[in-house]
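Work through the exercises below with the structure in view. Each task is followed by its solution.

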Amino acid sequence: MKKLLGLAFLLLAHTALAEPLTPEDRALIADLASKHQVSVQDLTYAAEEAKLLPKILSTMDRPYEAKPWYIYRKNFIVPARINEGVDFWIKNEAIIDRAAERFQVNPEIVVAIIGVETFYGKNMGNFRVLDALYTLGFRYPKRAAYFSGEFARFVELANKQGWKYGDIKGSYAGAMGMGQFMPTSYLTWGVDFNGDGHTDLFKNKWDIIGSVAYYFQDHGWKKNWEVTVPTTVKNPDTAALMLTETMKDTRTAGELRAHGVYVPERFKDSMPIKLLRFEEEHGYSWHLAFHNFRVITTYNRSPLYAMSVYQLSQMIRDSYLNRKKALSETPVKPEGKDRHQAPGKPRDVRKPAPKPAPKPAPSRSGKPNHGRK
Ligand SMILES: [Ca+2]
């Protein structure tokens with residue numbers, strides 16, 4: 001009797017975790033199998049393995065991006081994230097130099113992205129990606145179309161990589177690795193940058209840094225172009241008429257000037273610019289955002305996210321250059337001809353060149369959204 005009760009309890013506990021699939025779930029799986037490179041059998045197995053995580057549903061309804069800028073930025077722009085960004089850069093300098101050159105991106109942006117996403121790999125997420133994508137793809141109607149697609153692509157990715165579906169951990173939205181790539185991003189922009197035959201975005205610094213850099217290149221990053229500058233407005237109400245909903249929806253420098261928004265002279269009247277207004281502790285700050293700013297929002301569509309990445313990148317770069325300068329000014333041994341090294345000239349501390357990385361496959365999907373939210 002006791003044994004039977006125990007068994008009944010075990011069965012009950014089991015059904016509470018993994019739910020039986022409904023006819024609607026099976027219809028969704030058939031639809032996914034018709035659209036993606038993955039079988040009904042594998043999708044059914046994965047969905048049956050997955051658990052519903054109610055905590056994720058409540059998190060989705062109160063995103064961090066809903067906070068005002070002056071609170072939002074405090075989470076990202078902190079001394080530890082700047083200093084550890086410099087450490088990360090120096091430690092991985094050969095890789096970062098090479099990725100920045102190969103993919104024509106600014107190295108500080110790649111470092112800042114990894115810093116904002118996972119604190120240089122410290123917080124890669126503790127949710128089973130399988131559960132996260134099942135919960136959002138099958139039990140969150142508002143975003144089910146997107147997340148069920150990512151669920152299918154996760155199964156495809158896991159099959160390719162030889163992963164057990166339940167083994168992979170990530171964010172509550174199913175983003176993985178140091179750069180927090182969604183499955184579609186992993187499959188599309190994941191690069192085997194050290195050429196060892198695997199694309200490992202969890203541990204391999206070559207692959208991680210190369211993939212983030214390739215993502216930016218493929219989304220149109222222009223190396224050394226301006227990203228955003230702070231500005232001032234004559235009249236906040238008049239300037240507010242120039243605000244637009246989406247990142248793609250821009251004004252011209254001429255229009256902004258006509259509405260009392262200060263635009264530096266170096267920008268021609270025809271230059272497309274998006275005006276941003278951020279909530280500060282007292283009032284608002286105003287910013288001009290350019291093409292590269294929009295490219296950052298393809299990684300995460302929030303302008304607050306893009307501004308954090310940009311500001312962090314600038315602080316990391318300044319701090320990195322200072323540290324390099326200090327290193328080059330460290331007195332060298334008294335003997336030898338080179339004791340008076342030219343000031344400010346960084347010593348070349350790059351490691352020997354690694355074996356060449358293969359050219360990444362061209363993007364298969366032009367869908368410009370990393371889909372973090
Ligand atoms: Ca690799």
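**Starting point.** Helix α7 is followed by Gln104, whose phi is positive, near 55°. The model is predicted: local features need pLDDT of at least 70, side-chain atom pairs count only at pLDDT 80 or more, and totals for chains, interfaces and linings use all residues. Residues are numbered from 1 along each chain as its sequence is written.

**Exercise 1.** Find the buried residues of helix α7 (residues 93-103) and the helices they pack against.

Solution. 
- A residue is buried if 20 or more other C-beta atoms, placed from the backbone, lie within 10 Å of its own.
- In α7 the buried residues are Ile95, Ile96, Arg98, Ala99, Ala100 and Phe103.
- They pack against α6 (79-91), α8 and α12, where contact requires C-beta atoms within 7 Å.

**Exercise 2.** Describe how helix α8 (residues 107-118) packs on helix α12 (residues 205-218).

Solution. 
- The angle is about 115°, and the axes, lines fitted to C-alpha atoms over the stretch in contact, are 10 Å apart.
- The two helices are therefore roughly perpendicular (65 to 115 degrees).
- From α8, Ile109, Val110, Ile113 and Ile114 make the contact; from α12, Ile209, Val212, Ala213 and Phe216 do.
- By class, this contact has eight nonpolar residues, no polar and no charged; Ala, Val, Leu, Ile, Met, Phe, Trp, Tyr, Cys and Pro count as nonpolar, Asp, Glu, Lys and Arg as charged, and the others, Gly among them, as polar.

**Exercise 3.** State how α6 lies relative to helix α16 (residues 303-329).

Solution. 
- Their axes come within 9 Å and cross at roughly 60°.
- Arg81, Ile82, Gly85, Val86 and Trp89 of α6 meet Leu312, Met315, Ile316, Ser319, Tyr320 and Arg323 of α16.

Definitions and conventions: Axes fitted to C-alpha atoms, helices over the stretch in contact; angles between N-to-C directions. Helix = DSSP H or I, 4+ residues; strand = E, 2+ residues; numbered from the N terminus. Parallel < 35°, antiparallel > 145°, perpendicular 65-115°, else oblique. Contact = placed C-beta atoms within 7 Å. Buried ≥ 20, exposed ≤ 12 C-beta atoms within 10 Å, placed from the backbone.
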